[in-house]
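Please keep the sequence and the model in view while reading.

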Amino acid sequence: MVIELDDAGRAARDSALALHGVSKLYGARAAVADLHLQMAPGETLGFLGPNGAGKTTTIRLAAGFLRPTRGQVRLLGCDMANSRQAQQARARLGYVPDVAGLDPGATGAWLLDELAALQGAPPVDREALVAQLELDPGDLRRPMGRLSRGTRQKINIVQGLQHRPDLLILDEPTEGLDPLTKRALFDILRAVQARGGAIFFSSHVLGEVEELCDRVALIRRGRLVAVSPIATLRASQERRVIVQLAADAPADAGQLLAQAPTVAALQQLAPGLWQFAVRDVNGVLAVLAGLPVSDLTVEPPSLEQLFMQYYRREEGGDA
């Protein structure tokens, strides 16, 4: 769901997260600049960008751990510049950082209790999360420094979700997790979606974002360069087409394909076998309707392809 900014104040109050004109400066250097981003309640938004693009700074601003140099951050309708409102918002926020600064000498159980107390909300889902993540209760009684990376990350996930937050901010949450635990985490996140919780999901693994999110925000050099539903991004990108023509195909079949709207990178792989990229699928299908097609494959672009195509286009624009 995309929220227009015609009435920025009302939209911000009704949003799970709203960044309006947010910039963070360190001296003369802008870590992020003029960010405008809205998340609807119950939405899952994927947040993507290369290293150094400003993802972590944006997340810290959104969670209220950093104050913006300019602009406004509203979290669950609360103005994060107002200390009383910020405290109310944090009680309803769940945050899972990429690297949790958890005391290596403390036990997991003690840390979960302390963090729940700081959160100001009861850990109503702790037992269920421990079971779903197959976290050994004995590990919760051991010092964090003696646990494996995967076990520490499970505890990190539990602390972020144990109080059933209305908004969950995840920064590379699958780091250190084995495939079975990743699947368990995604089952947990789908349950958050089902109950109407909002999820801000940052990951380097594009397949994870594609599986979980309907909309993505792309950041580059501290600026948002795209905020769009994945389906809309896909519609604007090229698809790869492989077509096998029958033996009685006309000799000028290649010329006909080359003249179809938006066809690019046409190449013949074998007699009658053609491969090309196309944006206007309907246009090429109209051409293929007049040819003896024996097999046809149209591959939609993956999120990884979308990401790379978009950033290559941005690089070209800068040049």
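The model is a predicted one. Its largest nonpolar core has 37 residues, and a search of the whole structure finds three aromatic pairs.

**Nonpolar cores**

- In soluble globular proteins, nonpolar side chains tend to be buried together.
- Within the largest nonpolar core, of 37 residues, L161, L189 and F201 touch the most other members.
- Helix α7, which spans residues 179-194, contributes the largest share of this core, namely six residues.
- When its neighbours within four places in sequence are left aside, L161 is in contact with V96, D125, L129, L168, I188 and V192.

**Aromatic pairs**

- A pair of aromatic rings is described by the distance of the centres and the angle of the planes.
- Three aromatic pairs are found in the whole structure, and one of them is formed by F47 and F200.
- The ring centres of F47 and F200 are 5.0 Å apart and the planes lie at 45°, so this pair is tilted.
- F47 belongs to strand β3 (residues 44-48) and F200 to strand β8 (residues 198-202); the pair thus links distant parts of the chain, 153 residues apart.
- F47 is buried, with a relative accessible area of 0%, and F200 is buried as well, at 1%.
- F186 and F201 form an edge-to-face pair, with 6.1 Å from centre to centre and 80° between the planes.
- This second pair connects helix α7, which holds F186, with strand β8, which holds F201, across 15 residues.
- F186 is buried, with a relative accessible area of 3%, and F201 is buried with a value of 0%.

**A charge over a ring**

- The charged end of K24 sits over the ring of Y26, at 5.5 Å from the ring centre.

**The open sheet**

- Strands of a sheet pair through backbone hydrogen bonds, either parallel or antiparallel.
- Four strands form an open sheet in the order β2-β1-β4-β5, and their pairing is antiparallel.
- Strands β2 (29-39) and β5 (78-79) stand at the edges with a single partner strand each, so one side of each has no neighbour in the sheet.
- Strand β4 (residues 70-75) and β5 run antiparallel and are joined by two bridges, and L75 stands opposite C78 in β5.
- Helix α2 (residues 55-63) packs on the sheet, where it touches β1 (17-26), β2 and β4.
- The direction of helix α2 makes about 120° with that of β1.

Note on methods. Residues numbered from 1 in each chain as written. Predicted model: local features only at pLDDT ≥ 70, side-chain atom pairs only at ≥ 80, totals over all residues. Heavy atoms only, no water. Core = buried A, V, L, I, M, F, W, Y, C linked by side-chain atoms within 4.5 Å. Buried < 20%, exposed > 50% of the residue type's maximum accessible area, 1.4 Å probe, protein only. Contact = heavy atoms within 4.5 Å. Phe/Tyr/Trp six-rings, centres within 6.5 Å; stacked < 30°, edge-to-face > 60°. Lys NZ or Arg CZ within 6 Å of the ring centre and 35° of its normal. Pairing = 2+ DSSP bridges. Axes fitted to C-alpha atoms, helices over the stretch in contact; angles between N-to-C directions.
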